[in-house]
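Me: I have a model open and would like to learn how to read a few of its features. Please take them one at a time.

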Amino acid sequence: MNQLRAVLIDDETNAREALTNLLRILCPEVEIVGEAKNADLGIELIKKEKPNLVFLDIQMPGKTGFDLLASFDKVDFGVIFTTAYQEFAIRAFRFSAIDYLLKPIDPDELQAAVEKFKSQIAGVNPQQLQILQEHLDSTQSPRLVERKKNDNQRIALPTAEGIHFVQMTDIIQCESLGSYTKFHLVKGAPIVVSRLLKEYEEILDNYYFFRVHQSNIVNLEHIKRYVKGDGGQVWMSDNTEIEVSRRRKEEFLSLLSDFYVNSGKLK
């Protein structure tokens, strides 16, 4: 697709003007076919213009960006959220694998988001929106000190074949494969994602996952046994053995103890 038809939906006039100027300069292949200042006008605009891509603010007076998307039986257009959410909430977007641009919009990030959309050309999956909303609801305050349980939480894993929606309790470990991350699961084949392990370390940081080694993040729920040593090793539920880095040993054992106390598994 050479030319993209796009609409901008944002209640801030200055934000729409700034994004329009950036798109004209950096992304000439994007044709802006309309703007709207609220969700209701945005719904009408989308139905009229049938854009390929929508730049959508989340927080608007009245209906939100989520309300707008919920009004469509099928979201068959791409969505890039534009948001003023602070850094602590960005984890929610990463969990859902939905593209976002943090205001004020960075030119390089805008170009990257448009290029990524051009390579995929797909609408937003309803499950992605649900995951995003779930995690936004749990990150309305600055980062929590206490970790949260993995129960009933899902993560979206984008691959070349499509997006996989995985329960976090089903993840045994995440393994670094250079610029890729391999997710080992309770059932089914592993899932390989074109993202660094470091990114998933940051995403999973508030839950009971821990990077025990340069190459591995483990789910504490799937540890069967810890073997003492210089750093030690953990035996996972799939019978794999993973080394624990010596410099991470103390923090790991402290978190493991905390997990067992809070999960009720330690009497």
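Me: Where is Pro104 placed?

Reply: Keep in mind that this model is predicted. Pro104 belongs to the loop between strand 5 and helix 5.

Me: How do I read a pocket, and how much space lies in the second largest pocket?

Reply: Rolling a probe the size of a water molecule over the atoms shows where empty space is left. Here the second largest pocket holds about 450 Å³ of space. It is lined by 17 residues, and those closest to its centre are Arg94, Ile98, Asp99, Tyr100 and Glu109. Helix 4 (90-96), strand 5 (100-102) and helix 5 (107-120) are the elements that give two or more residues to this lining. Helix 5 gives the most, with four residues.

Me: Which residues other than glycine have a positive phi?

Reply: Among them are Lys50, with phi near 50°, and Asn239, with phi near 70°. Lys50 sits in the loop between helix 2 (39-49) and strand 3 (53-57). Asn239 sits in the loop between strand 14 (233-236) and strand 15 (241-243).

Me: Why does Lys50 count as exposed?

Reply: The cut-off for exposed is over 50% relative accessible area. Lys50 counts as exposed because its relative accessibility is 62%. Asn239 counts as exposed because its value is 62%.

Methods:
Residues are numbered from 1 along each chain as its sequence is written. This is a predicted model: local features need pLDDT of at least 70, side-chain atom pairs count only at pLDDT 80 or more; totals for chains, interfaces and linings use all residues. Side-chain values use heavy atoms; hydrogens and water are left out. On a 1 Å grid over the protein atoms alone, a cavity is a set of points where a 1.4 Å probe fits but cannot get out, and a pocket is an open set with protein on both sides within 12 Å along at least five of seven lines; lining residues have an atom within 4 Å of a point. Grid points are joined across faces, edges and corners, and a volume is the space filled by probe spheres set on the points. Buried means under 20% relative accessible area, exposed over 50%, partly exposed in between (1.4 Å probe, protein chains only).
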